[in-house]
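Subject: Structure for you to look at

Hi,

Here is the structure I promised. Please open it alongside this note; my findings follow below.

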Amino acid sequence: MATAVLRASLVAVGLVWTLAVQTVQAEDVKRYVVEGSRAAGLESCVEPTERIRRQHMEFIKHQRIATVHEGIRTEKYSLSGCVDCHISYDQERVPRPINDPDQFCGACHAFAAIDLNCFDCHAAVPNGARLDATAIAAHRAAGVGPLVQSRRDGEDH
Amino acid sequence: MKDENEAIDEAVDPSRRAFMGVAAGVTAAVVAPGVLLHAVAAAPRSEPVTADVRWGLLIDTAKCVDGCSACVAACDRENGLDMQSKPESQSPLKWDSQKAVWIRKVKLQDNQTGRVTTLPMMCQHCEHPPCVDVCPTGASFKRADGIVMVDRHLCIGCRYCMMACPYKARNFIHEAVHGQLTAVPRGKGCVESCNLCVHRRDFGEESTACVDACAAEGHHAIVFGDLKDPASPISQLLKDMPSRQIREDLSLNTGVRYSGV
């Protein structure tokens, strides 16, 4: 009888734990969405969450060919799009590089032990993001350079 | 017979006329915005680039001023090259020869006459680029609109293209890069060179960083434009003034032309 109670309680604790972890993970994901960004107004990312989690690397790999070789800049899969919506800022409003081990890209990649090379070349923070031609011309006229400088690349995991 | 024909001509059905009027109006309403949008075209590009245009530069060496390097500084700023710093262990001399520069100011002197010419030298965007011929991975390529560039995703850093280029236009990135611009990804282990401000092309801007800087200095030595459009300012100038390709003997048909050399 005692064993049965113990077993039942263990199962119950296990179930509660699983549920709790899922909730925390969901909260974690929410933490990585920039307020007022495009993602904040969407139910899921540019694809349903399950698809984007498993296939984001495929999406951006196909998109890069269209952009680099054909000059198409309006594809919905965009690495700078990931950064724009999922960057987080510290107290001084300085953006944290998205590939840091506690950040949106870095956290998962560190957990899955997958080396993340994107940010060896690509900007890991929004850095002189191209809004549109007129805004850029205005910035240039006012002598405003790139807004932020990223600090690290993805060497730490 | 003749009378019958006249009778038919005169009997015009008013409802048919009204229909034609409405149809013409609707057609105009549908087509006009497309035509106007096409003319403005300032939005990010959503269609693949085509060979209908070929981007190029014309450099008037008579207007290029000795001692001015505004174009180089603007290029560095535009592409994030100004964020490079010398590795501590490296000698200044080596750093000078290894740091990335997409435009170099070159001074030519004719030893017989003593005449000095200065000019900016960058990727010449050849129609038949030797760097593309030698690339083993297809990373070095020519875009349909004539821009010769490197797909850094495919570049393995072998540097064959650097050896093949007659203009010494390409650089290899030796050290890890920090603080890249969103518009210009660049990193260690790849070759790079002038890409005629390809991000500006794709976002519908009209000039390049070096052209803007040269104009801001008041020199107007560099003109950017479409070599295939006979009405473009660059084509008009090329028609009017004598110009040359550097190393014409190689028959590469460069997209960057020089006058006064």
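β1(B) and β8(B) pair in the antiparallel sense, over five bridges. In that pairing, W55(B) stands opposite D226(B) of β8(B). β1(B) also runs parallel to β9(B), and four bridges join the two. There, L57(B) faces V256(B) in β9(B). Bear in mind that this is a predicted model.

Is β1(B) mostly covered or open? Mostly covered: six of its six residues are buried. W55(B), L57(B) and I59(B) point one way from the strand. G56(B), L58(B) and D60(B) point the other way. Residues on both sides are buried.

Next, the nonpolar cores. The largest one has 49 residues. Which of them touch the most other members? They are I59(B), C71(B), C75(B), I103(B), C210(B), C214(B) and I222(B). Several elements of chain B give two or more residues to this core: β1 (55-60), α3 (70-79), β5 (148-150), α8 (209-216), β8 (222-226) and β9 (256-259). α8(B) gives the most, with five residues.

C75(B) is worth a click. Leave aside its neighbours within four places in sequence, and C75(B) is in contact with L81(B), W102(B), I103(B), A209(B) and C210(B). Of these contacts, I103(B) and C210(B) are also on the list of residues that touch the most other core members.

Another core lies apart from the largest one, with 16 residues. Its members include F104(A), C118(A) and F119(A) from chain A, and V184(B) from chain B.

Now the interface. 25 residues of chain A are in contact with 28 residues of chain B. On the chain A side, α2 (49-70) and α5 (118-121) each supply at least two of the touching residues. The largest share, four residues, comes from α2(A). What is the make-up of that side by class? It has eight nonpolar, nine polar and eight charged residues.

Last, look along α2(A) itself. The helix has a kink of about 75°, centred on Q55(A). Just after α2(A), G71(A) takes a positive phi of about 75°.

Then go to C75(B) and its contacts. Finish with α2(A), for its part in the side that touches chain B and for the kink at Q55(A).

Best wishes

Definitions and conventions. Residues are numbered from 1 along each chain as its sequence is written. Chains are lettered from A and ligands numbered from 1 in the order in which they are written. This is a predicted model: local features need pLDDT of at least 70, side-chain atom pairs count only at pLDDT 80 or more; totals for chains, interfaces and linings use all residues. Two residues are in contact if their C-beta atoms, placed from the backbone, lie within 7 Å. Ala, Val, Leu, Ile, Met, Phe, Trp, Tyr, Cys and Pro count as nonpolar, Asp, Glu, Lys and Arg as charged, and the others, Gly among them, as polar. The bend at a residue is the angle between axes fitted to the seven residues ending there and the seven starting there. A nonpolar core is a set of buried Ala, Val, Leu, Ile, Met, Phe, Trp, Tyr and Cys residues joined through C-beta atoms within 7 Å. A residue is buried if 20 or more other C-beta atoms lie within 10 Å of its own, exposed if 12 or fewer, and partly exposed in between; C-beta atoms are placed from the backbone. Two strands pair if DSSP finds at least two bridges between them.
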